[in-house]
Amino acid sequence: MNSIKWLSIILITFVIIAGIAVPMVPQPQSFFEFPDIPGLGNTARIIFFHVPVAWVSVLGFLVSLYYGLKYLRTKEYDDDIKSVSAAGLGMLFCLLATMTGSLWAKFTWGSFWNWDPRETSILILLLIYGAYFALRSALGSNEVRARLSAVYAILAGLTAPFFIFIMPRIIGGLHPGAKEDASGSTPITQLHMPLNMLFVFFSGLIGFTLLFIWLLNVRIRTLRMEHRLLMKDY
Amino acid sequence: MYEFLGQNQLYIVLFVILIIWIGIVLYLIRLDKKIGRLEKQLGKD
Amino acid sequence: MNSLLCIWAVAVKDVRSELRVRYALNALLMFVVTSIAVLVIALGDSGLNPEIMSALFWIVILFSAMSGLSRIFVSEEERGTTLVLQLVASPSAVYFGKLIFNCGLTLVLSSAVSLLYVIAFPAFIIRSGAVFLCTVFLGSLGFASASTMIAAIIAKAQAKNTLYTVLAFPVIAPLLITVIHTTALSIQGGTWGETVPQFQIMIGYLCVVVGFSSIMFDFVWKD
């Protein structure tokens, strides 16, 4: 566990430094230069942060779905704790992705919010998980809450990939990778990025995933202790 | 140094983000240690 | 055969108790009449573009449905008959019976709204009648199925009404967007060919929601 924590710190620090400090030039000569995309310029650096954060958010929702299913099978309170923690982190990272995306939208397309299909679907996803937490707070903390949130976590976790991966692709829009995008599919799936950028990008992906694992671990331990104190199990 | 930063403002962004990030990391490490201590306490009894 | 009878029995029971008290029916119809009256007063004769008319149409249906559909399980809790229902019928029977009841209610509601809209707004001329009818039908079924599942989930919670709206809206939103878009198209005279992707979404939505609910209802219903 400790190695995960240190590795995530190192990787993310590396991505921050490399993602920002490496210069962008029209014709990259060495390994330490990124190609300059006309029209995007330095704002393209956001891809190193915005995409991993969005990815971790999906990861969180999927983990929440998994533990929701597990809870329905085993009825172990610990699985409910894991499901809730993952959902909370998914929500946090989704908010971060939305905020970073909105900021980028302001500088690229002119306004903070455009009702682009991807933006709209992310908003609906945020509402779905907001509803998840509203549901949990409206039920007392007991087996009923765990059971019902597990069912909802499964429902929400199934819709998350739909909203993030499928819906923005079937309706045309502004965000890169939409149906009528001239540059085709997203720069990631087609690996249009040169090797050095890919290297930084994947470090970011792994680094943020490890960060997610660390945060999840801390959150689960906290909730477990809370539960033990509640049950007077000490 | 100020001249250099005035020209390459991107580095100011870099330092700001690094400061924020390191702050968050230090807080996380402190939190983690605190939880570890509490767990040990609860575990003993 | 036995389970089909069971399902039918649950649906009929709900219809009977509803007709006895007519609480939900009255509330819904009053809501519909009031909202449309407000719209007529506010808009008058100004011909609005199809998108707005379509959106308003579905908003009236949506909010009336929300006020009425959530009661389906809450009424059981309030009257204390949940336990009896759990003992007497299998969870699937309860689910499908209530689903049929909700679908029926929503269809009645949307027909009423459609009729009133055509009467109240001379500008509401629908060029592709078949597409419109199909959209309203599928949309109503979609609302009803999503609402049934969510109603089951919140039956045991506090602050039921707000919670229901909060939970229902994001789940229904994709259906709502599709249905509004298709209705706008049908007003303008869209053909079947143009609206095929939308209908795919509507039917897909129905299948996913009903499929998911029928599997998960067991867990929500039983203690």
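**Close-up views of a predicted three-chain model**

View 1. Helices (H or I, at least four residues) and strands (E, at least two) are DSSP runs, numbered from the N terminus. The model is predicted: local features need pLDDT of at least 70, side-chain atom pairs count only at pLDDT 80 or more, and totals for chains, interfaces and linings use all residues. Residues are numbered from 1 along each chain as its sequence is written, and chains are lettered from A and ligands numbered from 1 in the order in which they are written.

View 2. H1(C) spans residues 2-21, a run of 20 residues. From first C-alpha to last it reaches 29 Å, close to the 28 Å expected at 1.5 Å a residue (the expected span being 1.5 Å times one less than the number of residues). Ile7(C), Val10(C), Ala11(C) and Asp14(C) are buried in this helix. Viewed down the axis of H1(C), its buried residues fall within an arc of 90°, so they line one face of the helix; the arc is that of the directions from the helix axis to the C-beta atoms. An α-helix has 3.6 residues a turn, so residues three or four places apart point the same way. The face turned away from the buried side of H1(C) carries the exposed residues Asn2(C), Leu5(C), Arg16(C), Leu19(C) and Arg20(C). A residue is buried if 20 or more other C-beta atoms lie within 10 Å of its own, exposed if 12 or fewer, and partly exposed in between, with C-beta atoms placed from the backbone.

**View 3. The packing partner of helix H1 in chain C.** The buried residues of H1(C) pack against helix H6 (91-120) of chain C. Two residues are in contact if their C-beta atoms, placed from the backbone, lie within 7 Å.

**View 4. The contact between chains A and C.** Chain A contributes 16 residues and chain C 17 residues. On the side of chain A that touches chain C, helix H4 (117-138) and helix H5 (143-170) of chain A are the elements that give two or more residues. That side divides into 15 nonpolar residues, no polar and 1 charged (Ala, Val, Leu, Ile, Met, Phe, Trp, Tyr, Cys and Pro count as nonpolar, Asp, Glu, Lys and Arg as charged, and the others, Gly among them, as polar).

**View 5. The contact between chains A and B.** Here 14 residues come from chain A and 15 residues from chain B. Helix H1 (2-21) and helix H6 (195-230) of chain A each give two or more residues to the side touching chain B.
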